[in-house]
Amino acid sequence: MSNLLLLIPIALFLGLLGLGAFLWSLRSGQFDDMEGAANRILFDDDDVTPPGNSKKFHQGDS
Amino acid sequence: MNVALQPCRHCGEPVTAMSPAAPDFCCAGCAGAFELLGEMGLTSYYNRRAFDPKVRALRPDEDEIASFDFTELASTDTDGHHHLNLMVDGIHCAACVWLIETLLQRNSAVLQARVNMTTRRLRLSWQGDISDIEDIIRPVMQMGYRLIPFDPAALEQATTSRNKELLRCLAVAGFAAGNVMLLSVSVWAGYFQGMGGATRDLFHWISALIALPAAAYAGLPFYRSALGAIRNRRVNMDVPISLGVILALGMSLAQTIRGEPHAYFDSAITLLFFLLIGRYLDGRARGQARSAAEHLLSLNARSITVIEPDGTRRLIAPQKATPGMIVLAAAGERIGIDGKVIDGQSDVDTSIITGESIPVLTRPGTTVFAGTTNISAPLRIEVTATGGNTLLSEIVRLMENAEQGRAKYVAIADRVAKAYAPVVHTLSLATFIGWWLIGGIGWQDALMNAIAVLIITCPCALALAVPVVQVIATGRLLRAGILVKSATALERLTKITGIIFDKTGTLTTGKPELVGQPQQDKLMLAAGMAANSNHPLSRALVRAAGNVPPQTNVTEQAGLGLMMQGPAGPIRLGSRAFCDVAENADVPSDITGPELWLSEPGIAPTRFVFRDTMRSDAPEVIDTLRTRGFEMTLLSGDRESTVRQLAETLGITNWMARMSPTEKANHIQARADRGNHDLMVGDGINDAPALAAAHASMSPATAAEISQNAADIVFQGDRLGAVIEAIDVARKADRLVRQNFALSFAYNVITIPLAVSGFVTPLFAAIAMSSSSLIVIANALRLHAKSGKSDGVGIKPATTLSQQAGI
């Protein structure tokens, strides 16, 4: 039974950690645009390169 | 000649042989946009985008860029960085988001550009000069997107923060419910496996430690609402909920202190968790509908152009105008203020205020009102009234008077609660007295049984019965382009017995169309001249003729007509007087309506007659509604002959013409006093008080801002079928809500006797509550299932094209 004294606090700590993470992400606006977030992962990162080197990069694929 | 060749390579609209940039593009703007993207190396956009048929085609406007003062709403922080929030119109899919962000980020002054795809809003931060903003956003405008600045503080802040609070509460309740349930399951298992009393008490104490603070926080939305209701001497669903949760927790704490085997921490916190899910989804669905409605409205918002005494022009918001200012209204522009014309002669489309479908001739001295559209020539207008003196604020006052009745409407959930709460509380009291006095057990045990009754009857499923159905119904209508703004709109819609329509812009499209078959060569000549004018009748001629090359050397005399020098003398197109046709000239009098005459030297003049055409599905919709037994009325501010004509075509026997805004509202009020429940469908400023007075109201998305605000439901698109669709969904939702109430009552019928007789254990309570909630939710989900039975008139759900096109 003594393992309960260890396991219950661990379970609670992990749960609180998850809750804290959720509240933090809520506050930082990560839940403001669910639809956009779902689509953003499909953007090719190399398309959003800073100005300068992007032009050269694109001549190939268009 | 006007056969579509292929879709435009930029906007996807059909390209006709007449297009200046044929065969690849429909217009010069699209060609320019394509070229710009090519230069920037962003043509991969075309491969990955997917068109959304509901969104405006991405065709660049020619003269829109100058319509806003973008610096006015921009803010600057201490670092010298500027921020601006903009609504974006024209987002079809994720590729559009990508394109807008990339275009903006190519500009080195831009610090951050982030498009919120859900709300279609752009947050832009840049450094340097604040007035650089126009250069920064120009490429986006050139692509065909419209950007409209807005003030985030003024827009739905309350809804957003309320929903965020619900989500925070939901998270806390979810965390607590999970952990308490973990401990409770152990305790339940312990009943059968012989868990020691000390371990059980420890688990109860830990549960209390988690559940009490969590319920104190997560239950706040319910406690607040319950307190508010009690203060107003009303009962809503939140009163029994709050009472149930608090008593369950209090009793469980007492049991834990006494070392008793039963505690209900898990029931209380799971109840909150379930209810918060319902509340949150409900709030979010309505938030979406509302933000879509706001989006539509801000698309119509325009700045006004003020001419300073020194001749310079300045863009300001209409509400900042002061009397005496001189405002310029360009041809084709909406007039933003009430005032008197001091210079210029033009036709003004006043249909939004009067319902009159023919434009009114205005010349210096004529009074014009905000909301009307200037058609043919620029006008200079002196502002005469602002703030509380405008026609609009007069209408607002009428609306506020009319709204009183609707505020009294009590939602079905609250009506049920009003009947339910006293019954449950009496039952619980009876249980206590019965066990204590008659049953002869100690008052503590009697109290336990009484509280168990309250817990088991706590309206968990009952409180979910309405919101879950509402969420699904609102979402389904939203996808069909019907925005439900008011929480009780669907409920009120099920009660209606009569439907009252406005004419111009509601039953009709508000656009005149040519009637009859004039001689082809005359039509081509007239249309060629008309192509030079913005007058609705001219546009109708051009539409009727198809693609006609515009005639050159045409001069427009506002309010009169068009003139062109022909080989044999002047050719005129315009009013009867302008074309020198005698007032009593012979005309086939069976067709009435606005008319244009074409006179050529030496040839008998030709007459073109127009009619404000019905929405394409209006006869079908009216027929369907009639067969369903609704009483139909047509109220219009337009002249009698036009109203009669339309009413007879549609077979509406009840019609009234030349109605003022007050008369419309009074008519509805009088009907309501006789016990009628009416649905008002209207779009004009003159309809706003009537919309507010009616039991339920709808307006098309093309309606005046004030009417959209007054209406419970706003529908997009050209089809009147939205009315049927909304009524159908509302009725179906109502049926499901009633079924859900019946299901939860059935549950209570089984469980209350058990609770009264003291057989309820925490395990039993947990199972009963969760399963009844799940059944109610499952029942509500049936609304999602096909609506194939509807008469085929309703709007078909638009295809959703959210997927990325194959790259």
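Visitor: In chain B, among contacts between residues at least 6 apart in sequence, what share joins residues at least 24 apart?

Guide: The share is 69%. Keep in mind that this is a predicted model. The contacts in question are those of chain B between residues at least 6 apart in sequence.

Visitor: What are the overall figures for chain B, starting with its span along the principal axes?

Guide: The C-alpha trace of chain B spans about 115 × 65 × 50 Å along those axes. Its secondary structure comes to 25 helices and 27 strands. Of the 807 residues in chain B, 47% are buried.

Visitor: And chain A: how many helices and strands does it have?

Guide: Chain A has 3 helices and 0 strands. Along the sequence the pattern reads α-α-α. Buried residues make up 0% of its 62 residues.

Visitor: How do I read the largest nonpolar core, and which residues have the most contacts inside it?

Guide: Start with its membership. The core has 165 residues. Those with the most contacts inside it are Ala173(B), Ala268(B), Ile269(B), Leu272(B), Leu276(B) and Ala726(B). Then ask which element contributes. Helix α9 of chain B, residues 265-300, gives the largest share, 15 residues. A second, separate core has 43 residues, among them Cys11(B), Phe25(B), Ala33(B) and Ile133(B).

Visitor: Take Ala726(B). Which residues does it touch beyond four places in sequence?

Guide: Ala726(B) touches Leu477(B), Ile482(B), Leu493(B), Met698(B) and Ile713(B).

Visitor: Why does Phe34(B) count as buried?

Guide: The cut-off for burial is 20 or more other C-beta atoms within 10 Å. Phe34(B) counts as buried because it has 20 C-beta neighbours inside 10 Å. This residue is found in helix α1 of chain B, residues 28-40. Leaving aside neighbours within four places in sequence, Phe34(B) is in contact with Arg9(B), His10(B) and Phe25(B).

Visitor: Now Glu705(B). Why is it classed as partly exposed?

Guide: Apply the count again. Glu705(B) has 18 other C-beta atoms within 10 Å, so it is partly exposed. Its place is in helix α23 of chain B, residues 705-710. From Ala461(B) it is 244 residues away in sequence and 39 Å away in space, C-alpha to C-alpha.

Visitor: How do I read burial along a helix?

Guide: An α-helix has 3.6 residues a turn, so residues three or four places apart point the same way. Now look at helix α17 of chain B, residues 520-530. Its buried residues are Leu523(B), Leu525(B), Ala526(B), Ala527(B), Gly528(B), Met529(B) and Ala530(B).

Visitor: What covers the buried residues of α17(B)?

Guide: The cover includes one helix, α18 (536-545) of chain B. It also includes the chain B strands β18 (554-557), β19 (561-566), β20 (569-574), β21 (595-600) and β22 (603-614).

Visitor: Next, helix packing. At what angle do the axes of α3 and α4 of chain B cross?

Guide: Roughly 145°. The axes of α3 (residues 94-105) and α4 (residues 133-142) come within 9 Å. The crossing of α3(B) past α4(B) is right-handed. Ile100(B), Leu103(B) and Leu104(B) make the contact from α3(B). From α4(B) come Ile136(B), Pro139(B) and Val140(B). By class, this contact has 6 nonpolar, no polar and no charged residues.

Visitor: How do I read a sheet?

Guide: Strands of a sheet pair through backbone hydrogen bonds, either parallel or antiparallel. In chain B, 6 strands form an open sheet in the order β7-β6-β8-β14-β9-β12, with antiparallel pairing. Its edge strands are β7 (313-316) and β12 (367-368), each pairing on one side only.

Visitor: How many bridges join β9(B) to β12(B)?

Guide: There are 2 bridges, and the strands run antiparallel; β9 covers residues 338-343. Lys340(B) stands opposite Thr367(B) in β12(B).

Visitor: In what order do the strands of the 3-stranded open sheet in chain B come?

Guide: The order is β11-β10-β13, and the pairing is antiparallel. β11 (360-362) and β13 (373-374) are the edge strands. Strand β10, residues 346-349, is joined to β13(B) by 2 bridges. There, Asp349(B) has Thr373(B) of β13(B) as its bridge partner.

Terms used:
Residues numbered from 1 in each chain as written. Chains lettered and ligands numbered in written order. Predicted model: local features only at pLDDT ≥ 70, side-chain atom pairs only at ≥ 80, totals over all residues. Core = buried A, V, L, I, M, F, W, Y, C linked by C-beta atoms within 7 Å. Buried ≥ 20, exposed ≤ 12 C-beta atoms within 10 Å, placed from the backbone. Helix = DSSP H or I, 4+ residues; strand = E, 2+ residues; numbered from the N terminus. Contact = placed C-beta atoms within 7 Å. Axes fitted to C-alpha atoms, helices over the stretch in contact; angles between N-to-C directions. Left-handed = near helix turned anticlockwise from the far one by under 90°. Nonpolar A, V, L, I, M, F, W, Y, C, P; charged D, E, K, R; others polar. Pairing = 2+ DSSP bridges.
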